[in-house]
Amino acid sequence: MELKRVVVTGLGMLTALGNDVESSWKNIVAGKSGAGPITKFDASKFKTQFACELKDLDVTQYLDRKEARKMDPHCQYALIAAKQAVEDSGVDFEQEDKTRIGVILGTGIGGVNSFQTDVMEYQRNIEMGPKYSPFFIPKVITSMSPGEVSIRYGLQGPNYATTSACASSSHAISDAFNLIRLGKADMMVSGGSEAAIIDCSVGGFNSMHALSTRNDDAEHASRPFSKSRDGFVLGEGSAVMILEELEHAKARGAKIYAELVGTGMSADAHHITAPHPEGAGAKLVMRNALEDAGLTPSDIDYINVHGTSTGLGDVAEVKAIKDVFGEDAYKLNISSTKSMTGHLLGGAGAIEAAFTILAIRDGIIPPTINHEEGDEDEEIDYKLNFTFNKAQKREVRAAISNTFGFGGHNACIIFKKYV
């Protein structure tokens, strides 16, 4: 069968650098860090005392206060980003066949915030008996964010959540893309969110030695591809996009950011937390995505890499890029926007996919910040263009967004300039 073409017609976003798309993007291009001391709980006894928190977000500007209290923050963030994306797309759902519009959102840990909060509340009041909020389960389950979005807009198409660690929201976008191009939906609301800056998450990642402990210099702690990197910086937020079948978008006169042309999925089949040392799964997923898109390595101008600022991960991804792209690897721009937003876990793929789209729109490659002269790792080829410290202007014909998660889950998405 002839596959439908899929385009992006709306974007919404919450990051540590801004509570909408344009402010986040402006600060990303400027190379600003969203990291700072943790304010959500007392982190003074933790090895890591900083993160990339959202700032000055008034949830009640978007959600009824009473309704918001029934939701975990990851669900609130998803609803807010979805509202922004819907408004940005200009779609009037009342004029659409809502049975042909669905919602797929990804999250890695989902309602961990509510889980910890409610369980601790129960423990504090245990003498009163097993008393939990009637909203405890809805707040905790990962599928509630797409459920809430569909309820808000009356969307009756495919509706579910994807959970595959840090690849969660990239898998959500991939599934949404496939539903549209197979003709099973006209439009999909897709992306992901995470709200995991809480005691148990920070403590758990500290126990794994996964987080940076650069407490005296938080803004420079996320330093992908630098020898002195010592772990990732935890982030929170959400990004949601409106994916739409091309002819449907054209019929309603929608603006088009970019075309989504291919996706890839693979598994490392190696270790629960460490990447394959030679980047085997990363190689496979990029090759799968290129084949799916009908593109060659020479067609790609930019890769928004997973680039977490971890010792093993950065090296494995560089090996994979060099193997897949060969000599073309040296013609690419590469950058890790995690150096500024922190790592949003299951929300990372959606945030980074959105930045990849904006790089195509504006012809600007966002930087990888915090690299210093002489801070080179002998296992990394610095002849590659990591776009260190300063954004670069460049026409971007096609670009890749990579996400790799614990458990060996890999996802790759390719966007192309719409023509």
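Author: Ten strands form an open sheet, ordered 5-4-6-7-1-8-14-13-9-10, with mixed pairing. Strands pair if DSSP finds at least two bridges between them. Helices (H or I, at least four residues) and strands (E, at least two) are DSSP runs, numbered from the N terminus.

Reader: Which strands stand at the edges?
Author: Strand 5 (159–162) and strand 10 (333–335). Each has a single partner strand, so one side of each lacks a neighbour in the sheet.

Reader: Before we go on, what kind of model is it?
Author: This is a predicted model: local features need pLDDT of at least 70, side-chain atom pairs count only at pLDDT 80 or more, and totals for chains, interfaces and linings use all residues. Residues are numbered from 1 along each chain as its sequence is written, and side-chain values use heavy atoms, leaving out hydrogens and water.

Reader: OK, strand 14. How many of its eight residues are buried?
Author: Six, so strand 14 is largely enclosed by the rest of the structure. Buried means under 20% relative accessible area, exposed over 50%, partly exposed in between (1.4 Å probe, protein chains only).

Reader: How does strand 8 run against strand 14, parallel or antiparallel?
Author: Antiparallel, joined by eight bridges. Ala-267 stands opposite His-409 in strand 14.

Reader: And how many bridges join strand 13 to strand 14?
Author: Eight, and these strands run antiparallel. Ala-398 faces Lys-416 there, standing opposite it.

Reader: New topic. Which residues touch the most other members in the largest nonpolar core?
Author: Val-8, Leu-11, Ile-173, Met-241, Leu-243, Ile-357 and Phe-415, out of 42 residues. Such a core is a set of buried Ala, Val, Leu, Ile, Met, Phe, Trp, Tyr and Cys residues joined through side-chain atoms within 4.5 Å. Helix 13 gives the most to this core, ten residues.

Reader: What does Ile-357 touch?
Author: Val-8, Leu-11, Met-241, Tyr-257, Ala-258 and Phe-415, not counting residues up to four places away in sequence. Contact means heavy atoms within 4.5 Å.

Reader: Where do helix 7 and helix 13 meet?
Author: Ser-169, Ser-170 and Ile-173 in helix 7 meet Ala-348, Gly-349, Ala-350 and Ala-353 in helix 13.
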